Protein chains: 2
Amino acid sequence: MNSDEFRRHAHMLVDWMADYFDRVGELPITPDLRPGDIARALPGSAPDRGENFDHIWKDFQSIILPGMTHWNHPGWFAYFPANNSPPSVLGEMLTATLGAQCMSWATSPAATELEQVTLDWLRQMLALPERFVGVIQDTASTATLVALLSARERATAHRAGTAGVAVPDGRLTVYASTEAHSSVEKGVKLAGFGLEQLRQIPVDAEYAMKPDMLERSIRADLDEGRRPACVVATVGTTSSAAVDPLPAIADICRRYGIWLHVDAAYAGTAALVPDLRSLFDGVELADSFVFNPHKWMLVNFDCSAYFVRDRDALVRTFQISPEYLRTASDAAVVNYRDWGIQLGRRFRALKLWFVIRHYGVEGLRRMIRSHVALARELAEWIQTSAEFELMAPPRFGLVCFRYRPAMPAAQDSQLDDLNRRLLARVNETRRVHLTHTILGGRFVIRVAIGQRLTERKNVEEVWRLIEQAAAGL
Amino acid sequence: MNSDEFRRHAHMLVDWMADYFDRVGELPITPDLRPGDIARALPGSAPDRGENFDHIWKDFQSIILPGMTHWNHPGWFAYFPANNSPPSVLGEMLTATLGAQCMSWATSPAATELEQVTLDWLRQMLALPERFVGVIQDTASTATLVALLSARERATAHRAGTAGVAVPDGRLTVYASTEAHSSVEKGVKLAGFGLEQLRQIPVDAEYAMKPDMLERSIRADLDEGRRPACVVATVGTTSSAAVDPLPAIADICRRYGIWLHVDAAYAGTAALVPDLRSLFDGVELADSFVFNPHKWMLVNFDCSAYFVRDRDALVRTFQISPEYLRTASDAAVVNYRDWGIQLGRRFRALKLWFVIRHYGVEGLRRMIRSHVALARELAEWIQTSAEFELMAPPRFGLVCFRYRPAMPAAQDSQLDDLNRRLLARVNETRRVHLTHTILGGRFVIRVAIGQRLTERKNVEEVWRLIEQAAAGL
């Protein structure tokens with residue numbers, strides 16, 4: 001494909017892309033198909049001879065597109081959002097065209113320095129301490145693993161990395177609430193702590209970690225000769241957007257010399273809004289902090305912002321310096337390859353820069369405020385309805401509820417079943433998409449309001465569909 | 001930015017992108033600047049109010065672009081290539097626009113099934129065993145870490161993941177040649193083996209692992225009660241593209257029950273070419289295999305293809321199944337979130353599909369053959385020149401050499417210094433970009449021929465620039 005052909009195809013795609021932004025809300029949000037349908041529609045082996053792009057493009061439209069789940073649909077209330085936005089897509093177009101591999105400063109100085117600059121912008125926007133330095137990771141799962149590895153290395157004075165995790169003086173332990181994200185479990189497993197060394201700390205009635213139970217658990221481990229290495233606190237848990245009490249947790253971490261990682265993957269963007277910033281109080285005492293601009297800040301997946309207090313502790317955990325990667329500038333620059341797991345790195349700062357500049361801090365705040373206001377409104381409708389109940393305090397853009405009709409002596413298991421059916425019916429409309437969780441042992445429906453295009457009418461629609469589905473059960 | 005504004009800006013970008021493909025060869029391949037120059041040209045904090053895209057675009061052109069290293073320049077001979085291509089960029093444009101997060105089948109069925117299909121196409125294209133199943137990882141660093149973690153779990157019957165790496169019955173050991181990629185060291189450190197448990201096996205005169213030394217090392221560890229867990233063999237090492245003898249290594253791994261991971265990050269694409277496929281003989285005995293379509297197969301970074309023999313061993317190492325991620329289809333589908341470290345996943349199969357279909361297997365073979373032929377030609381010029389010497393057998397697209405003028409009793413340290421200066425001079429032309437390595441203790445210049453746009457005239461130019469720089473020393 002020469003550049004003229006590229007030009008022609010790319011212009012055609014741009015028109016399709018602009019139309020997609022306009023019409024995505026009219027598409028079925030999830031596809032109606034069975035496992036294997038897409039695979040069966042595709043040839044079993046690669047073509048020997050190249051094909052014309054027009055042919056490939058036709059297959060994209062007839063086979064792939066109808067099989068997509070549309071995360072950027074205004075009826076998206078599932079999981080948490082993974083927003084893109086027009087300026088972010090423009091950034092991705094340029095990143096793809098330049099195709100720079102940004103592992104070191106020398107392999108793309110502008111990419112490294114733009115990452116430094118935009119991450120410092122984010123630090124200021126979230127009112128994080130001046131000492132924090134940032135780096136883009138792909139996902140919060142990776143960032144949390146990076147934090148756990150750094151904590152492991154700090155707790156062992158870097159002997160774990162050199163001699164292995166089998167430290168002679170007792171097993172290393174990790175603490176997170178029972179509501180922490182599954183990436184903590186995964187990270188504890190992968191980093192070699194072992195799942196048995198993860199303490200799942202009980203939560204209060206609002207699903208936030210109980211600091212007294214944390215301290216009790218730490219003391220018990222110390223008494224048994226174990227070595228508490230890391231506490232993962234969450235601001236905005238996945239199930240209910242609960243907020244762990246950072247000041248009390250940070251105080252415990254300080255007293256016992258434990259690494260504090262704060263996971264605000266979803267909610268972090270809310271720290272932009274002065275009214276919501278107090279929910280992050282105490283974050284200044286953390287050793288590491290992660291939030292995902294690719295969730296609620298209009299930056300295309302993947303772009304996870306990871307901040308650390310002690311840059312050297314991070315770099316010492318990840319640095320490997322083979323001859324073939326050495327450059328003349330190494331002593332004077334940041335080489336982000338030493339700030340995480342991967343050697344190769346995409347130029348992800350570009351889309352972040354485009355988004356922050358195009359919307360401005362005020363524009364991003366406006367969006368967050370509007371989503372939070374819509375979530376409060378939906379929570380009110382639920383609260384004033386006789387047949388539904390809130391299952392957690394609404395936080396940020398997330399509302400957790402269940403259907404609870406007047407039934408003689410309704411049991412939780414019956415209600416679980418009823419809500420499971422309710423959720424399936426709502427999703428079968430393919431107008432909106434919702435997911436569930438379990439809170440306090442009960443099946444709960446989640447409505448996460450945070451998609452860029454979501455307006456009041458979409459929230460009204462999801463509520464209407466929920467009420468209709470309930471009436472039809 | 002509404003869709004009309006997006007349409008206007010995106011069309012403008014497409015014209016710029018097509019022009020970039022045309023004119024990249026005329027740009028200085030590396031920027032002429034000092035650390036901090038780009039950062040100083042940018043404001044210290046984010047704008048409160050949103051800015052017009054035309055303004056941002058102007059800054060991209062005047063500040064960012066002049067600070068880029070152009071990896072997709074036909075004068076790119078540094079490291080290994082990180083090629084993009086027009087059809088791959090078209091794929092990235094659509095992936096960005098859809099913005100789907102492909103962690104589970106249900107969160108985007110077409111993305112999951114297209115990944116299954118295209119990875120199976122790759123498996124056939126590389127003549128890997130039918131039993132191998134593939135998954136896209138971001139980088140080979142990650143894939144190698146995934147392999148090391150899987151090996152760790154297999155060696156401990158998954159006790160490392162549950163109880164921690166501190167297995168009672170002795171430390172786990174890992175083996176790779178002294179020429180293996182730095183990601184092996186990094187992975188051994190991160191996975192909790194500890195660097196002291198990495199055995200760096202000596203290489204022969206062609207920089208390939210010596211299998212007898214591998215076996216000797218394994219036996220010594222067994223004698224001391226250690227537990228050999230993983231061997232990483234390389235096809236196409238980073239320094240010299242050396243090929244470890246897979247059949248002999250695989251035989252040892254089989255006899256001692258050790259996980260064999262084959263790292264063909266760069267060279268893997270060459271397995272497409274029947275004449276070169278014999279260099280991969282023995283790969284069918286591996287437990288895992290990685291190669292990067294984002295290096296030499298025209299797919300935008302990131303796209304690393306990771307294959308395993310035993311899907312269950314992989315999934316059992318990475319699976320975590322929290323309630324909020326469960327879907328009705330879980331039992332019947334592949335959920336790629338359980339096939340690696342990250343939970344969130346981009347729709348990377350799309351660009352891979354576009355590239356394979358647009359070029360066809362024959363088109364990709366043609367490119368590989370042409371690069372390999374150019375490398376052989378350059379190696380001949382070097383060999384027939386009185387003042388240069390090859391420092392390793394040319395393999396695939398890589399040529400390693402040094403300048404060795406007729407000097408009375410020239411010592412390696414003098415030659416190292418001379419070649420360091422030679423390399424700097426060639427790179428200062430900003431017409432081409434080369435990097436170096438150390439082979440057998442000697443400073444060596446690498447010319448990696450594999451950029452999509454690189455033609456014979458570019459190889460002639462790099463050779464002319466090398467000769468000119470040498471003459472001017």
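Visitor: How do you know that chain A and chain B are related by a rotation?

Guide: This is a predicted model, and superposing chain A on chain B takes a rotation of 180 degrees with 0.0 Å of shift along its axis, leaving an RMSD of 0.0 Å. The two copies are therefore related as by a two-fold rotation axis. If you want a landmark in chain A, go to Ala166(A): its C-alpha is the one nearest the axis, 2.1 Å away.

Visitor: Which residues have the most contacts inside the largest nonpolar core?

Guide: Met93(A) and Met93(B), in a core of 240 residues.

Visitor: And what does Met93(A) touch, once residues up to four places away in sequence are not counted?

Guide: With contact taken as heavy atoms within 4.5 Å, Met93(A) touches Val14(A) and Met17(A) in chain A, plus Ala10(B), Leu13(B), Val14(B), Met17(B) and Met93(B) in chain B. Another core lies apart from the largest one; it has 72 residues, among them Leu314(A), Ala180(B), Leu190(B) and Val232(B).

Visitor: Why is Ala241(A) called buried?

Guide: The cut-off is under 20% relative accessible area. Ala241(A) has 0%, so it counts as buried. You'll find Ala241(A) in the loop between strand S4 (227-234) and helix H10 (246-256) of chain A. Check its backbone as well: phi is near 60 degrees, a positive value in a residue other than glycine.

Visitor: Is Phe396(A) buried or exposed, and how do you know?

Guide: Buried: Phe396(A) has a relative accessible area of 6%, and the label applies under 20%. Phe396(A) lies in the loop between strand S8 (388-390) and strand S9 (398-403) of chain A. Phi of Phe396(A) is positive too, near 50 degrees, and this residue is likewise not glycine.

Visitor: What makes the peptide bond from Phe301(A) to Asp302(A) worth a look?

Guide: That bond is cis, with omega near 5 degrees. Asp302(A) belongs to the loop between helix H12 (293-296) and strand S7 (304-308) of chain A.

Visitor: What about the bond that joins Phe301(B) and Asp302(B)?

Guide: A cis peptide bond there as well, omega about 5 degrees. In chain B, Asp302(B) is in the loop between helix H12 (293-296) and strand S7 (304-308).

Methods
Residues are numbered from 1 along each chain as its sequence is written. Chains are lettered from A and ligands numbered from 1 in the order in which they are written. This is a predicted model: local features need pLDDT of at least 70, side-chain atom pairs count only at pLDDT 80 or more; totals for chains, interfaces and linings use all residues. Side-chain values use heavy atoms; hydrogens and water are left out. Helices (H or I, at least four residues) and strands (E, at least two) are DSSP runs, numbered from the N terminus. Buried means under 20% relative accessible area, exposed over 50%, partly exposed in between (1.4 Å probe, protein chains only). Copies are superposed by least squares on the C-alpha atoms of residues with pLDDT of at least 70 in both. A nonpolar core is a set of buried Ala, Val, Leu, Ile, Met, Phe, Trp, Tyr and Cys residues joined through side-chain atoms within 4.5 Å.
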